[in-house]
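Q: I'm new to this one and would like to learn how to read its pockets and its overall build. Can we go through them together?

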Amino acid sequence: MHQNKFFNPSQSGFRPGDSCIHQLISITHDIHKNFDINPSHEVRGLFLDISKAFDRVWHKGLLYKIKNFGIEGKLFNLIESFLSDRFQRVTINGQSSSWLPIKAGVPKGSILGPLLFLSFINDLPEGLHSNAKLFADDTAIFSTANTPIEKANELKLDLEKIKS
């Protein structure tokens, strides 16, 4: 997937040779570049963190996406099997709940978990008006403005798109 440039170039998380420092330098450079324009442009940004990100990966949605990416056959079946037939329960003070099926989330601590998470959010920057930089589940969207109200509205629309 890395060799075939499968992942969105805005994503730096879990990528060989990339890091959160790369994203921070890139964002800082873009901000300073806009301050240096005469007259300087205002920079507005939103910094997002998906809480419990690995637990929120919807299995059916992920399988749909990876199938649309062209992953099929034995590899698709392997990923589907990896996500299927998982159950969980809670035990507190020796008392356990009933076993319930897990319909979302990728297993933490696995090699496939981060790869599947990145596959799930790979399309997040598509269609945004703002610039987007991602590092795993952290997302920065920012926009430069010489028309601040217009850009504020674009950021608001982008935030709604990400939310949906």
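Q: How much space lies in the largest pocket?

A: Here's the general idea: rolling a probe the size of a water molecule over the atoms shows where empty space is left. On a 1 Å grid over the protein atoms alone, a pocket is an open set of points where a 1.4 Å probe fits, with protein on both sides within 12 Å along at least five of seven lines. Grid points are joined across faces, edges and corners, and the volume is the space filled by probe spheres set on the points. Here, the largest pocket holds about 550 Å³. It has 18 lining residues, with Ile50, Ile121, Leu124, Ile162 and Lys163 closest to its centre; lining residues have an atom within 4 Å of a point. This is a predicted model, where local features need pLDDT of at least 70 and side-chain atom pairs count only at pLDDT 80 or more, while totals for chains, interfaces and linings use all residues. Residues are numbered from 1 along each chain as its sequence is written, and side-chain values use heavy atoms, leaving out hydrogens and water.

Q: Which elements each supply at least two residues of that pocket's lining?

A: Helices (H or I, at least four residues) and strands (E, at least two) are DSSP runs, numbered from the N terminus. For the largest pocket, they are β1 (42–49), α4 (112–121) and α5 (148–163).

Q: How do the residues of that lining divide into nonpolar, polar and charged?

A: Ala, Val, Leu, Ile, Met, Phe, Trp, Tyr, Cys and Pro count as nonpolar, Asp, Glu, Lys and Arg as charged, and the others, Gly among them, as polar. The largest pocket's lining has nine nonpolar, two polar and seven charged residues.

Q: What about the second largest pocket: how much space lies there?

A: About 230 Å³. Its lining has 13 residues, and His59, Leu83, Ser84, Ile102 and Lys103 lie nearest the centre. Both α2 (59–68) and α3 (73–83) give two or more residues to this lining, and α2 gives the most, with three. By type, the lining has six nonpolar, two polar and five charged residues.

Q: Zooming out, how many helices and strands does the protein chain have?

A: Five helices and seven strands, in the order α-β-α-α-β-β-β-β-α-β-β-α along the sequence. The chain is more spread out than a compact globule, because its radius of gyration is 19 Å, well over the 15 Å that the globule rule gives for 164 residues. That radius is taken over C-alpha atoms, and the rule is 2.2 Å times the number of residues to the power 0.38. The C-alpha trace spans about 65 × 40 × 25 Å along its principal axes.
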